[in-house]
Amino acid sequence: MLDLKRIPVGAWLGLILTGLFLICAVFAPWIAPHGNGEIVGDVWEPMSAAHWLGTDNLGRDLLSRMIYGARITILIAVLATALSFSLGAILGFTAAAVGGWFDTLMSRFVDLLMSIPTLIFGLVVLSVLPTNTLTLILVMGILDSTRVYRLSRAVAVDINVMDYVEAAKLRGEGMRWIIFREILPNALSPLIAELGVRFIFAVLFLSALSFLGLGVQPPDSDWGGMVKENKDGIVFGIPAALIPAAAIAVLAISVNLVADWVLNRTTDLKGGRGNG
Amino acid sequence: MAKTAPQSATPETLLDIRNLRIEATVYPPGEAPKAVTLVHDVSLSLKRGKVLGLIGESGAGKSTIGLSSMAYGRGGVRITGGEIMLNGHDILKAGAGGIRKLRGREVCYVAQSAAAAFNPAHKLMDQVVEASLLHGVATRAEAEKRAKALFKKLSLPNPDTIGERYPHQVSGGQLQRVMTAMALCSEPDLIVFDEPTTALDVTTQIDVLAAIKDAIRDTGVAALYITHDLAVVAQVSDEIMVLRHGRLVEWGGTRQIIKEPRQEYTNALVSVHEIEHHEQKAEGAPFLSVKNVTAAYGGGAVKVLKNVSVDILPGQTLAVVGESGSGKSTLARAITGLLPPQEGSVTFDGRPLANRLADRPKEDLRQLQMIYQMADVAMNPRQTVGTIIGRPLEFYFGIRGAERDRRVTQLLDEIEMGKGFADRYPAELSGGQKQRVCIARALAAKPKLIICDEVTSALDPLVAHGILKLLLNLQQAEKVAYLFITHDLATVRSIADSIAVMYRGEVVRYGSKSKVLTPPFDAYTDLLLSSVPEMEIGWLEKAIAGRRMESAGN
Amino acid sequence: MSVPILKLIAQRIALGIVLLFAVSILIFVGTQILPGDVAQSILGQAATPQALANLREQLGLNDPAYVRYFHWLGGVLTGNLGTALTSGQDIASSIWPRLKNTLFLAGCAAVVAVPLAILLGLIAVRYRNGPVDRLISAFALASTSFPEFFIGYLLVYFFAVKWQVFPAISTVFDGMPFLQRLEAVVLPATALTLVVLAHMMRMTRAAILNVMQSAYIETAELKGLAPLAIIRKHAFPNAIAPVVNVVMLNLAYLVVGVVVIEVIFVYPGMGQYLVDHVAKRDVPVVQAVGLIFAAVYITLNIIADIAAILANPRLRHPK
């Protein structure tokens with residue numbers, strides 16, 4: 001059972017902040033005081049009662065843009081993570097369970113993909129692909145699925161050599177029982193923690209691409225793109241660009257805290273129930 | 001109370017531990033850390049040149065007490081009470097520098113796994129003489145000379161050059177002897193031997209044991225000898241202390257402890273190998289025959305089974321005995337189809353069994369069940385005991401729902417565990433209970449044969465004893481046959497009807513138990529049988545003398 | 001050095017070369033056979049079919065893919081990286097000074113980051129589970145969660161704008177005096193250091209901790225060796241390999257981190273060159289720069305593996 005009192009402070013902080021970001025993302029049009037593209041004042045107005053975070057390089061309300069930015073950032077990152085996870089986990093488990101040439105072929109191919117730094121390969125591929133959100137999600141998801149593949153395969157291979165899996169094979173159990181009843185329940189906790197890590201990576205990767213001008217295209221803007229829009233203000237002492245950058249950092253830290261807690265919680269129990 | 005020098009520390013008393021209390025902090029998941037007491041007010045004393053055996057099951061605190069004589073606590077263990085007088089000084093008051101001066105000088109340590117205890121980056125000689133040089137006991141030349149003499153005394157091959165080797169270049173039994181030489185090199189007053197032969201094969205153990213015993217006698221060093229094997233400790237100690245759950249059970253002379261134990265627990269430890277079992281006559285036709293099976297790993301590269309043939313009779317036990325690398329577990333893999341044989345066949349009920357697991361019908365799989373050495377990894381940690389035992393019922397017989405629960409309860413009764421265990425997870429069971437659940441899972445399939453792969457070797461002797469008795473009772477009730485794989489000859493004597501002795505992939509001796517265990521023996525069986533420690537003072541000398549005569553005779 | 005170890009190293013290097021060729025194929029395939037059309041990308045949607053056909057002819061796009069690949073590979077192996085589509089300049093001669101700049105920046109960051117990370121890792125191990133260790137791991141958590149541009153712009157905002165200690169834009173040019181050049185890269189090098197420091201330190205801590213928990217450390221302790229002697233004589237020889245491994249892997253990260261940092265500080269290096277030409281869809285430049293980045297990355301990984309092989313006594317002194 002989940003005992004609320006036993007959740008450490010760090011995890012609480014992470015859960016609350018992550019929740020806040022999610023609320024912003026889901027209810028953006030209702031929360032944001034102004035429209036996303038609406039010009040409400042001068043360029044780079046400082047923080048004030050009217051514009052809590054000031055205005056941006058075109059005089060748009062920064063707070064509203066941050067809230068809409070949360071929506072785009074989180075949506076793309078979630079979809080890319082979902083893609084990388086389903087692709088990586090399914091292929092990884094299959095490779096571990098089937099073994100043989102499929103495993104060898106997949107693993108060598110993943111080794112090859114991983115021998116090029118993800119950002120560099122992403123840039124190379126984006127140089128020829130059309131710039132739109134779908135491409136972005138596909139590129140991010142596929143490139144990142146290599147890491148999920150490696151983890152799932154390693155976890156499944158470890159479990160696959162356990163005596164209880166051998167016992168199930170000796171009993172004559174089919175592949176489905178072995179994957180879903182013997183391997184998967186034991187692989188879940190490291191994978192769930194990894195989910196958080198992959199999401200953070202997706203957020204950081206998307207932000208980097210948008211910052212470099214190769215991610216989300218204007219007039220839409222994610223947080224990385226907002227840093228790019230406002231970066232020229234920095235040299236004049238206008239910190240507008242730091243706000244979306246800080247938001248990315250806070251989101252990443254919150255999710256990290258939650259993932260850490262999930263990992264600790266699940267490695268503690270060694271299976272079975274939480275308070276055995 | 002310790003302000004004045006203790007009076008009882010007569011010159012002959014080397015080590016005097018009084019009311020030792022040792023605690024550790026444990027961190028249970030989700031709970032506040034708490035202190036647990038590992039050792040409760042244990043006192044002992046040891047005279048110069050004497051050997052005290054510390055014996056007990058896992059968790060008895062024997063290693064913890066042994067290491068306390070060096071003022072050392074492993075992994076956050078703290079000495080919280082009592083005095084440890086070594087050579088008349090309380091070492092707990094010596095301070096960090098004082099403790100360093102006595103470690104490696106007055107007391108030395110021999111670990112269970114020498115392979116891990118040597119630094120892989122340095123030559124053996126550098127490590128052997130390190131403590132002597134550090135404490136200024138000898139110059140490098142003197143220390144090396146002494147080390148070479150010790151290597152010779154411990155019957156190591158090439159005593160003059162073995163020190164130039166690295167740890168991974170030397171075998172496990174030899175490393176254990178080098179570690180003993182390392183402990184002796186700085187001429188300490190006391191050596192702590194922590195299960196020094198437990199990790200070794202039985203035929204290697206006897207040589208190492210004899211070498212250690214001779215070295216102790218010739219150098220006059222005192223020793224604390226820690227082990228879980230009473231027969232081993234009976235060979236080397238003058239006195240034995242029996243411990244349980246961190247408390248003293250009984251302390252006495254070796255002869256008294258093994259011949260006239262006063263405590264019930266000691267008595268149980270002494271008589272642990274005695275199980276009443278009458279050998280069943282080899283009557284009737286075998287239902288499972290292994291014929292000329294050859295099997296190999298790595299696509300035929302490494303042959304691990306060579307032309308092996310054995311038969312199993314209904315309701316009887318065939319014990320397969322051998323040391324590590326003898327191919328005994330591979331035989332089980334070949335029979336179950338996990339490692340399809342290259343040559344030869346396995347017949348079951350008069351028809352050949354398919355070589356590969358995947359080609360066998362469900363009915364054949366049901367007839368052959370298996371129990372593993374490590375019960376904790378043989379059960380899915382995310383399934384309850386009810387699911388684990390119930391699955392074969394569902395899978396083979398289609399029994400579900402209330403009927404399944406009824407059968408699970410019945411099986412839990414058979415393994416002497418109550419109904420309440422059905423909802424537990426494996427992590428919530430003790431080692432012996434886990435193994436019982438595995439037995440129940442095998443029984444649920446109503447098999448003709450259960451393969452038991454070293455099922456008792458990870459368990460404490462008393463628990464193992466209980467499991468063996470249970471297996472024998474179940475055999476009576478269910479008429480199931482066992483293929484019992486083990487390295488432990490005492491177990492074999494207790495339960496087997498017939499025995500196959502394996503050595504390097506071959507069956508070197510095979511027949512009914514009485515036939516196999518009656519002379520004349522072949523050379524390997526003789527070596528194996530004569531290496532198993534017996535709970536008898538002077539057995540070691542006799543066994544070694546027997547060997548020397550034999551090698552002289554040949 | 002023994003024969004088996006030389007063989008292992010040779011194998012590892014050979015594997016690295018094979019990998020490089022495979023990577024060159026991957027990069028080529030990634031830019032040529034994907035649904036995007038290079039000619040279309042260059043000319044835009046409004047291009048006439050005639051113009052597209054001419055450009056395809058000019059770029060050799062009508063040849064089969066493998067012919068184009070070998071043509072390209074042949075060029076790369078002879079040092080001819082082709083010409084940039086947008087400027088028509090020779091790519092190799094544009095890359096060379098930029099590569100030097102990038103290596104200078106990465107080198108400066110490494111010189112600071114590597115010793116610092118090892119030192120902090122050691123401190124974390126020495127005082128493990130204490131407040132210092134916790135502080136260090138909190139810092140590590142923060143730094144792995146910060147995007148590079150956050151660190152970069154924070155530095156610019158405070159050091160260049162508010163306090164005006166260092167320049168916000170790192171201008172370097174040929175023949176610039178060394179010290180001046182050093183001053184120009186202080187901020188980007190600091191940012192890079194902060195990017196890799198935490199990760200490197202965490203891995204160093206884990207590697208050293210792993211060694212410190214070995215049974216032979218206990219043996220040394222029970223011989224009466226002092227803590228420092230234990231670290232020097234028993235832990236250090238076994239920790240070199242994992243630590244070198246960690247360092248090399250992190251230098252590989254550092255090389256990648258350079259891309260974003262260069263854009264922030266408008267530093268004339270490879271990263272900035274790559275990003276500019278990705279935006280302009282200048283495929284030959286992207287291929288060339290991508291391949292060089294991959295080559296550096298793979299080389300560092302090979303060095304990490306070789307260090308591990310060399311430091312393993314089991315391999316150095318075979319049975």
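# Exercises on a predicted three-chain model

From the N terminus on, the elements of chain C run α-α-α-α-α-α-α-α-α-α-α-α-α-α. Helices (H or I, at least four residues) and strands (E, at least two) are DSSP runs, numbered from the N terminus. This is a predicted model: local features need pLDDT of at least 70, side-chain atom pairs count only at pLDDT 80 or more, and totals for chains, interfaces and linings use all residues. Residues are numbered from 1 along each chain as its sequence is written, while chains are lettered from A and ligands numbered from 1 in the order in which they are written.

## Exercise 1: Chain C as a whole

Describe the make-up and extent of chain C.

Step 1. Count the elements. Chain C has 14 helices and zero strands.

Step 2. Take the box along the principal axes. The C-alpha atoms of chain C fill roughly 85 × 60 × 35 Å.

Step 3. Check burial. A residue is buried if 20 or more other C-beta atoms lie within 10 Å of its own, exposed if 12 or fewer, and partly exposed in between; C-beta atoms are placed from the backbone. Of the 319 residues of chain C, 41% are buried.

Step 4. Look at contacts. Two residues are in contact if their C-beta atoms, placed from the backbone, lie within 7 Å. Take the contacts in chain C between residues at least 6 apart in sequence: 73% of them join residues at least 24 apart.

## Exercise 2: Two helices of chain C

At what angle do α11(C) and α12(C) pack, and which residues make the contact?

Step 1. Axes are lines fitted to C-alpha atoms, for helices over the stretch in contact, and angles run from 0 to 180 degrees between N-to-C directions.

Step 2. Read the values. The angle between α11(C) and α12(C) is about 80 degrees, and their axes are 7 Å apart.

Step 3. Classify. Angles under 35 degrees count as roughly parallel, over 145 as roughly antiparallel, 65 to 115 as roughly perpendicular and the rest as oblique. Therefore α11(C) and α12(C) are roughly perpendicular to each other.

Step 4. List the residues. α11(C) brings C:Val258, C:Val259, C:Glu262 and C:Val263, and α12(C) brings C:Gly271, C:Gln272, C:Leu274 and C:Val275.

Step 5. Sort them. Ala, Val, Leu, Ile, Met, Phe, Trp, Tyr, Cys and Pro count as nonpolar, Asp, Glu, Lys and Arg as charged, and the others, Gly among them, as polar. This contact has five nonpolar, two polar and one charged residue.

## Exercise 3: Where chain C touches chain A

How many residues does each chain give to the contact, and which element of chain C gives the most?

Step 1. Count both sides. Chain C gives 41 residues and chain A gives 37 residues.

Step 2. Find the elements. Those of chain C that give two or more residues include α1 (3-32), α6 (131-145) and α13 (283-311). The most come from α7(C), with eight residues.

Step 3. Sort the side of chain C. It divides into 33 nonpolar, six polar and two charged residues.

## Exercise 4: The nonpolar cores

Find the largest nonpolar core and the residues with the most contacts inside it.

Step 1. Define it. A nonpolar core is a set of buried Ala, Val, Leu, Ile, Met, Phe, Trp, Tyr and Cys residues joined through C-beta atoms within 7 Å.

Step 2. Name the residues. The largest core has 149 residues, and A:Val203, C:Tyr153 and C:Val255 have the most contacts inside it. Its largest share, 18 residues, comes from helix α11 (residues 227-264) of chain C.

Step 3. Look elsewhere. Another core, of 95 residues, lies apart from it, with B:Val437 and B:Leu528 among its members.

## Exercise 5: A sheet in chain B

Step 1. Set the rule. Two strands pair if DSSP finds at least two bridges between them.

Step 2. Check the neighbours of β3(B). Five bridges join β3(B) to β8(B) in the parallel sense. Four bridges join β3(B) to β9(B), also parallel.

Step 3. Check burial. Five of the five residues of β3(B) are buried. B:Val51, B:Gly53 and B:Ile55 point one way, and B:Leu52 and B:Leu54 the other way.
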